Amino acid sequence: MDMNTIESVVATTDPAQWRDGDAWLAGGTVLFSYGSPVGSEEPLKRLLDLGQAGWQAVTVSDAGIELAATCTVAELYALPVSDAVAGRTWPGLDLFRPCCDSFVASFKVWNMSTVGGNVCTSLPAGPMISLCAGLDARATILGGHGSSRTVPVAEFVTGDGKNGLAPGELLRSIQLPASALSAKVAFRRLSLSNLGRSGVLLIGRLDADGSFVLTVTAATKRPVQLRFAAAELPDAERLAAAVGHSIPEELYHDDIHGLPEWRRDMTFRLAEEIRAELLGPVPDGPLTVSGDFWPPHATSPQPSAQPEFNPAQQKEA
C-alpha cells in the first residue's frame, strides 16, 4: 500500500535515532499491509530501515541457536537441513518447519517476513512467537545510549498486538538454548478453515531432566506456559486441571478465526494429545504434526495447493 505520510527512510540500527512518528522497518509485511504498527494510532513520518543492518541471520554454537531479528522465514525454514546444524542431536529443530508452515503464506511473504517482525507484531497466531516461546527463547532488546536487556519471549508478548517494547527499543536477536533444542518435542495446531490462520497452537517438551513443559499459543492472547517437574508429571486429569487454572476464560482470544469456547475446548484436547505423546508409552518416531499444511516440501517457498497441470488430462477432457 502507499504510505503517504512517510517523509523519509533512514538506514540505521541505532535506537538513539528513534523519535516520535518512527517505525522500525524489517521485512515490512505488516507495515505495508496496515500502514502503521499494530495498535498505533499516530501517523508514521519516518521508517528506520534495518535492511542494511548486515546481521548474520543464524548463528549456531554449542550453546544453541541465535536468530537475528532480520532472519527471514525462508532462512529459518532452510535451517534444519543445512550444514550449520549437521550432526546436532536437537529434536527441537523438528518444530521449525511446522511453525514456518503455520504462516500459510506465499513465497513472497516467506522471503520478506522476518522472525523479529512476527514476534514484535505480537498477534496471538504469530507462529514465530509459538516457536520461540515453546523453546524457552530469550530476546535481546536494544535501547538508547547503548543499553540492552534480555527477556523471555514467552513474557515479551503481553496481549493481542501488545508487547514489552518501550518506545524506540529494537529487538536485536533471539537465542534458542541448546537445553530446549535437545528436548523431545510435540506439536499440535488447528484452524477453522482450510489453510487458515492458527486458532490453537500448542508445543510440548520433555526435557533431559524429565520435566514437562507445555506452551499454549494462538488460542490465547499471549503465550501461556505450564511446567511440571520430573517428580510431578501430570496424568490426564491433573493436566486438565492445570490448564483450566492457568488460562482464565477472558484470556482466550476471540476473533473470526475462532470463538473463545472453541479455542478453549481444543486447547484441552490438544494438551492431552501432547501429554500422551510425550509421557505415554509411545514409541520413538517422527514428530507428530497436526495442521492444514501443504504436503512436506524441501524448499522454503510453499508450492501451490493446486494439482500439477497435466496436458494429457486436458486433451481427454
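Two residues are taken to be in contact when heavy atoms lie within 4.5 Å of each other. The structure examined here is a predicted model, in which local features need pLDDT of at least 70, side-chain atom pairs count only at pLDDT 80 or more, and totals for chains, interfaces and linings use all residues. Residues are numbered from 1 along each chain as its sequence is written, and side-chain values use heavy atoms, with hydrogens and water left out.

The protein chain contains 11 helices and 14 strands, assigned as DSSP runs (helices H or I, at least four residues; strands E, at least two) and numbered from the N terminus. Of its 317 residues, 48% count as buried, where buried means under 20% relative accessible area, exposed over 50%, and partly exposed in between (1.4 Å probe, protein chains only). Among contacts in the protein chain with a separation of 6 or more, 66% come from residues 24 or more positions apart.

With a relative accessible area of 1%, T215 is buried. Leaving aside residues up to four places away in sequence, T215 touches A133, G134, L201, L202, I203, V224 and Q225. With Q225 there is also a polar contact between side chains, at 3.0 Å; such a contact is a pair of N or O atoms within 3.5 Å, where, within protein, one must be able to donate a hydrogen and the other to accept it, and residues adjacent in sequence count only if both atoms are side-chain atoms.

The buried residues of α10 include P260, R263, M266, T267, L270 and I274. An α-helix has 3.6 residues a turn, so residues three or four places apart point the same way. The packing partners of the buried residues of α10 are β11 (184–190), β12 (200–206), β13 (212–217) and α9 (236–246).

L279 also belongs to α10, but counts as partly exposed at 25% relative accessibility. Beyond residues up to four places away in sequence, L279 touches L206, F212, L233 and P234. The C-alpha atoms of L279 and D235 are separated by 8.8 Å, although the two residues are 44 residues apart along the chain.
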